[in-house]
Amino acid sequence: MSEHPAPADPAAEGIRLQKVLSKAGVASRRAAEQMIAEGRVEVDDEIVTEMGRRIDPATSQVRVDGSRVIVNEDVTHLLLNKPTGILCTMSDDQNRPCIGDYLREHEGLFHVGRLDVDTEGLLLVTNDGELAHRLMHPSYEVRKTYLAEVAAPIEKDLGRRLRDGVTLDDGPAKVDKFKLVDLNGKRALVEIVLHEGRKHIVRRLLEHVGHPVHRLVRTAIGEVRLTTERPGAIRKLDRKEVGGLYKAVGL
Ligand code: URA
């Protein structure tokens with residue numbers, strides 16, 4: 001046996017907390033030290049004020065001012081503006097266009113829920129399985145916002161009917177919010193917010209109340225919003241958006 005013990009693995013000893021925070025984009029190392037000293041940083045549910053603390057970014061849960069900061073560089077959160085006519089699957093055995101075509105450079109990711117082939121808009125893509133599971137589960141009540149183009153006119157009591165709830169083939173359904181956004185001759189643009197994800201739910205709800213959907217766009221999930229992304233564009237969520245998603249599902 002060798003007389004000399006193997007050198008310690010630096011990764012096993014962890015990385016200094018201020019370095020982890022600055023790598024995660026929270027602040028410069030100096031500013032991160034200040035945050036730690038002020039008691040604003042938690043590691044695994046414990047406030048850390050000591051400066052020498054080293055952590056393993058792959059396994060530690062870090063919060064700043066109560067908001068989760070993802071310090072594991074292997075965890076990814078993307079937004080795809082799904083174009084219409086694209087299947088919501090990572091690969092298609094019949095070679096039809098699918099969202100996987102847009103995500104070739106990003107391995108090991110999966111989409112959070114589904115959009116119909118002819119629905120456009122915000123699709124979250126991640127490799128954090130627990131986050132994805134919770135965002136899809138209606139019990140966490142994460143709100144999804146849709147803009148739907150439907151036939152006009154819109155009856156005065158339509159919002160109230162949808163908020164009160166209707167009975168569809170597979171049971172009751174209702175929206176959290178309804179707003180008439182625009183009225184243009186024979187077409188109206190309405191915004192619907194709901195927190196469930198049954199198949200074709202927005203189309204079925206609006207069809208049920210006499211307003212079949214001509215165009216459907218998902219514009220937000222929780223506080224994450226589609227902004228100026230072109231159809232097919234992908235962007236990384238920023239730290240605030242990621243923190244908001246974890247908070248919304250209690251992670
Ligand atoms: N509701 C629908 O009807 N379609 C979608 O793609 C998403 C929600």
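## Close-up views of a predicted model

**View 1. The largest nonpolar core.** Of its 32 residues, those that touch the most other members are V150, L162, F178, L194, L205 and L206. A nonpolar core is a set of buried Ala, Val, Leu, Ile, Met, Phe, Trp, Tyr and Cys residues joined through side-chain atoms within 4.5 Å; buried means under 20% relative accessible area, exposed over 50%, and partly exposed in between (1.4 Å probe, protein chains only). Domain 2 (77-138 + 224-249) and domain 3 (143-221) each give this core at least three residues, with domain bounds taken from an automatic or database assignment. The model is predicted: local features need pLDDT of at least 70, side-chain atom pairs count only at pLDDT 80 or more, and totals for chains, interfaces and linings use all residues. Residues are numbered from 1 along each chain as its sequence is written, and side-chain values use heavy atoms, with hydrogens and water left out.

**View 2. Surroundings of V150.** Leaving aside residues up to four places away in sequence, V150 touches K186, R187, A188, V190, L206, H211, P212, V213 and H214. Contact means heavy atoms within 4.5 Å. A second, separate core has 19 residues, including V112, V217, V224 and L245.

**View 3. C88 and C98.** No disulfide, a pair of cysteine sulfur atoms within 2.5 Å, is found in the whole structure. The cysteine sulfur closest to that of C88 is in C98, 9.5 Å away, which is too far for a bond. C88 is buried at 5% relative accessible area, and C98 is buried at 2%.

**View 4. D116 and its contacts.** D116 is buried, with 16% relative accessibility. Beyond residues up to four places away in sequence, D116 touches K82, H200 and R203.
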